Amino acid sequence: MADFTNDRFRLDGKVAIVTGAGGRGNSIGRAYAVGLANAGASVVVADLNKDGAERVAGEINDAGGKALAVQVNIADEASVAAMMEATKAAFGGLDILVNNAALMVEAVGTPAIQTSIADFDKLMRVNLTGALICSKAAVPLFQARGGGKIVNQLSAGGFPAQTTYGISKVALLGLTTTLATELGRMNVNVNAIAPGMTMSDAGKALTPDESPFVQAAMARVVKQPRGEPQDLVGALLLLCSPAGDWITGQALNVDGGFIMRN
């Protein structure tokens, strides 16, 4: 086998879907979509927010990349099926699925014991079931290409879970290991990234500089309490590219040591 080179991080000729890629301004989804495009992939920028998806896809295309904006409701099987058909029609197939879309701001503030069952069901439908719906729909496209990569978006807020949002992310970790087990023989790798406090627009809204939580983290986190969306892209490229072909069923904490806070 040839020696390792940095070319193994390239994604030329690959097709990726990133859900939740057109949301709030400076978002993790946008950073993921741009990062995959910069590595050579054709990217489907998928979001419930059509205008946001078109904005990010336009940014990629204007920079010389290849992107398609698709409006999708990941909690709806017909909508996800339409996204897969649009992907196949535009780019010929699918190699990478990044399950990034989630409800977060809506789920963090209310204690679980006070959360309505309707709100909890909606949260789980998006954050957990939505990832399963997308993964199920992606598998036939992966099989047609001889394999694929799925990356699920977890959160440091699930280690330990202290909100309903955290509960949904722990459940998503279970889905990650389950799908890795079931799909491995199909040459499909399934992994997850668990970001720490990220200075996305949504993250800053939840954890502003003056927040007591942020101040406590500054004192307890071993290296870097907060990062930028772009700080997550290296981990994504590892898990999506040939460089990560021997990695599956793993959750990679990208959090400056947040998970080791003391």
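Predicted model: local features only at pLDDT ≥ 70, side-chain atom pairs only at ≥ 80, totals over all residues.
## About the model

Local features need pLDDT of at least 70 and side-chain atom pairs count only at pLDDT 80 or more, while totals for chains, interfaces and linings use all residues. Residues are numbered from 1 along each chain as its sequence is written, and side-chain values use heavy atoms, without hydrogens or water.

## The nonpolar cores

A nonpolar core here is a set of buried Ala, Val, Leu, Ile, Met, Phe, Trp, Tyr and Cys residues joined through side-chain atoms within 4.5 Å; buried means under 20% relative accessible area (1.4 Å probe, protein chains only). The largest one has 37 residues, and Ile17, Met83, Met84 and Leu94 have the most contacts inside it. At least two residues each come from β1 (15-19), β2 (42-47), α3 (77-91), α5 (117-145), α6 (164-183) and β6 (188-195), and α5 supplies the largest share, nine residues. Helices (H or I, at least four residues) and strands (E, at least two) are DSSP runs, numbered from the N terminus.

Have a look at Met83: beyond its neighbours within four places in sequence, Met83 is in contact (heavy atoms within 4.5 Å) with Ile17, Ala46, Val70, Val72 and Cys134. Another core of 31 residues lies apart from the largest one, and includes Ala37, Ala57, Ala67 and Ile96.

## The cavity

On a 1 Å grid over the protein atoms alone, a cavity is a set of points where a 1.4 Å probe fits but cannot get out; lining residues have an atom within 4 Å of a point. The count is one cavity of 30 Å³ or more, and the largest cavity holds about 50 Å³, a volume being the space filled by probe spheres set on the points. Among its 13 lining residues, Asn99, Ala101, Val126, Asn127 and Ala131 are the closest to its centre. Helix α5 gives the most to this lining, with four residues.

Conventions. Buried < 20%, exposed > 50% of the residue type's maximum accessible area, 1.4 Å probe, protein only. 1 Å grid on protein atoms, 1.4 Å probe; cavity = no way out; pocket = protein on both sides within 12 Å on 5 of 7 lines; lining within 4 Å.
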